[in-house]
There are 2 protein chains.
Amino acid sequence: MDTARLDLAALAVSGVRPGIADIPLENISTLAKGRLGDPSVIPLWFGEGDVPAPAFIGEAMIRAVRDGHVFYTHQNGIPELRAALADYHTRLGATPITSDRITVTTSGMHALMMTVLMTCGAGDNIVIVDPVWPNMGGTARVAGVEVRQARMDLTQGGWTLDLGKVAAAMDDKTRLVFFASPGNPTGAMIPMETQVELLAMCRARGVWLVADEVYHRMVFGRDAGPTLLDHADPEDRLIVTHSFSKSWAMTGWRIGWMVHPPSLGPTLAMITQYSNSGVATFIQHAGVAAVTEGEWFVEKMRAYCETGVGIACDALEALPRVRMGPRPRAGMYAFFEVDGMPDARAACVEILQKTNVGIAPGFFFGPGSESFFRICVCRSADSLSEAMGRLMTVFS
Amino acid sequence: MDTARLDLAALAVSGVRPGIADIPLENISTLAKGRLGDPSVIPLWFGEGDVPAPAFIGEAMIRAVRDGHVFYTHQNGIPELRAALADYHTRLGATPITSDRITVTTSGMHALMMTVLMTCGAGDNIVIVDPVWPNMGGTARVAGVEVRQARMDLTQGGWTLDLGKVAAAMDDKTRLVFFASPGNPTGAMIPMETQVELLAMCRARGVWLVADEVYHRMVFGRDAGPTLLDHADPEDRLIVTHSFSKSWAMTGWRIGWMVHPPSLGPTLAMITQYSNSGVATFIQHAGVAAVTEGEWFVEKMRAYCETGVGIACDALEALPRVRMGPRPRAGMYAFFEVDGMPDARAACVEILQKTNVGIAPGFFFGPGSESFFRICVCRSADSLSEAMGRLMTVFS
């Protein structure tokens, strides 16, 4: 395992700028790489289920290809998709969202990269509320921006954000605060009054607030989570990022979107032009189908993840060595520690070898989470139960 | 027209980092925006023809979707496509290229963005040989990197690069030199001995050389252009960027690739992860089909563009007011000046209104080219002849 780490380090090349060489090459993909697609492995590594997008989404894309939607396109997204997404937000939230606030992106990930490139320069920093999906920190480092941490605390009531930690991490070079609610890996929802207070803090300092609401529809027992969009003005320095990956099981399709101040549209078009010049039109047509005809599937995915959380937590809660907050009420993960396994990274490599179950170590999700494990529960009951059975043998 | 420029400026928002606000929002897309898809317009604006990718490429993608290739994928590209591209280069060039030197990207554009982010930081600069496609300069500015110019000269023999200009533009903060051969908009090929000398200059200074070889297959009268890959060591600081957009008419599919030192693979995987996490797998399967079964189509596209250059140049050379170098022997453009029309930008707006032909003004391609016009000739003989007929009325 330390060998694996050293191998990656040995590959570091000369000629890259200094900051790039400092970014760890290791991530969930490198961990999984050797076993990607290996049928003997039950992959609970990624934020990805075992369900493909429903056929009607693929068929919409196929129609678009056959209809010749295969040329250069609008930088902010095709008008049909921007309008469909504006309607979608307006329907789900309490505030009308206009289509000039929507920019379609090559994944939720790319929305974050564009946001960092747009708002932060060298010498600037961003504050990340974690434990969280590592990619916002990664893209900031790639852009040469310092990353600071405000770690949520695991309390009796679950993962809790202390805004004092955010304030303490900020200085006059802070350009952006990032959080995800519902959270990945925690499944935690930051109470809306806390989010509103955070927005007020950012407003007072002229700092951008970036809310990752990718799991907005994965809130158990309700149609959608609360959204900060309902508590902000259109021209607030607020960007809400979304993805088609989770709600419509479109991980491999690489399409997401962002909700932004209307005035940012032309700037985001420009950055899109100089990033990848936009999302393939036929994939955008798949997105239109997903948003306008896919509500039944979103409900199905939500139920699927709720069942998965139940199966995983039933198993984990029966183990005296496992420590975990209250059951998540959102998302697609369980995030927990195991007594006697302080180095989850080493344990994950061993667990993969012993049980052929792929799970993710906590250190990917921020400093302080080294002893945690994340498992993705978006899997059939049979496969997930089988995986939990195998994990019991090592966590008992 | 000045109104259009002012409107865009008025939209500049607060909160973006200072360098971003300085990047012009205007590009060919903004110029075309109001008339995109308007059937009355003959669009010679973009580097895009009127031919869609051949059906077998779309069918390969459709098979991949139906076969379930819709999940997260390999960061550097699927092994099949990396191997197919390595074979492709090995077949066309004089030097074997291994698949660990191939990274598949979300467009040739994104290969450039990743290259800049990987090699350049704040305070660094890059030198761009122009007139050239504006997007390398754009992505550098988005990344906060200074852009310097080494302009080719239009001589009796055509567009010529004076390496002294490159040397003069470089200083100890220069991290990268960029050129395109065959060129866009010029169609010019930089002689291989000049390219080799440029590589030696870069080697001596530890500077990266980025060769855009997107038009490598669009060289008239031969199967492929010469490539600098045949004159470099694998670990030279050389990156060659490619796209499926031109040779296989896949502009709207957003897929390209780069050939890089093998040691860069893990770093590029990491930057891909934090950019957009990779290219949709099913599009990569379309790429495999294009590379392995598409030679007949590449030949067709080359002939189509050669015919187009003939039609456009026959028309333009008959006009006494038009000044242009020798006929391009590569690419898909004609690039020329017209006496009495020093402000090509103003003229393009007027020409669009008067003739419903969309053409691109030279200032997009670098300082000093303000009086030039670029037209894309990758169009059916009928449509291109019709467009040239309309243009004769304003250029006569």
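How many salt bridges does a search of the whole structure find over all chains? The search returns 36, where a salt bridge is a side-chain nitrogen of Lys or Arg within 4 Å of a carboxyl oxygen of Asp or Glu. This is a predicted model, in which local features need pLDDT of at least 70 and side-chain atom pairs count only at pLDDT 80 or more, while totals for chains, interfaces and linings use all residues. Residues are numbered from 1 along each chain as its sequence is written, chains are lettered from A and ligands numbered from 1 in the order in which they are written, and side-chain values use heavy atoms, with hydrogens and water left out.

**Where the chains meet**

Let us start at the interface. The size of an interface is often given as the accessible area lost when the parts come together. Here chain A and chain B bury about 6400 Å² between them, 63% of it on carbon and sulfur atoms; buried area is the accessible area (1.4 Å probe) that two parts lose on being put together, summed over both. Of the area that chain A buries against chain B, 13% comes from Phe71(A), Tyr72(A) and Tyr274(A), more than any other three residues supply. The contact (heavy atoms within 4.5 Å) draws in 75 residues from chain A and 74 residues from chain B.

Two salt bridges cross between chain A and chain B.

**Salt bridges in a table**

Side chains of opposite charge can pair when their charged atoms come close.

| Pair | Closest N and O atoms |
|---|---|
| Arg66(B) and Glu59(A) | 2.9 Å |
| Glu146(B) and Arg148(B) | 3.0 Å |
| Arg217(B) and Asp223(B) | 3.1 Å |
| Arg327(B) and Asp314(B) | 2.5 Å |

Arg327(B) and Asp314(B) form a salt bridge. This pair links distant parts of the chain, 13 residues apart: Arg327(B) lies in the loop between strand S11 (322-323) and strand S12 (333-338) of chain B, and Asp314(B) in helix H12 (residues 295-317) of chain B. Helices (H or I, at least four residues) and strands (E, at least two) are DSSP runs, numbered from the N terminus.

In chain A, a network of salt bridges links Arg91(A), Arg217(A), Asp223(A), Glu295(A) and Arg302(A).

**Around Ser247(B)**

Buried means under 20% relative accessible area, exposed over 50%, partly exposed in between (1.4 Å probe, protein chains only). Ser247(B) is also buried, with a relative accessible area of 2%, and sits in the loop between strand S9 (238-243) and strand S10 (256-259) of chain B. Beyond its neighbours within four places in sequence, Ser247(B) is in contact with Val214(B), Arg217(B), Met218(B), Phe297(B), Val298(B) and Met301(B).

**A covered strand in chain A**

Strand S2 (residues 102-105) of chain A has both faces covered, with Ile102(A) and Val104(A) buried on one side and Thr103(A) and Thr105(A) buried on the other. S2(A) pairs in the antiparallel sense with strand S10 (residues 256-259) of chain A over four bridges; two strands pair if DSSP finds at least two bridges between them. Met258(A) in S10(A) is the bridge partner of Thr103(A).
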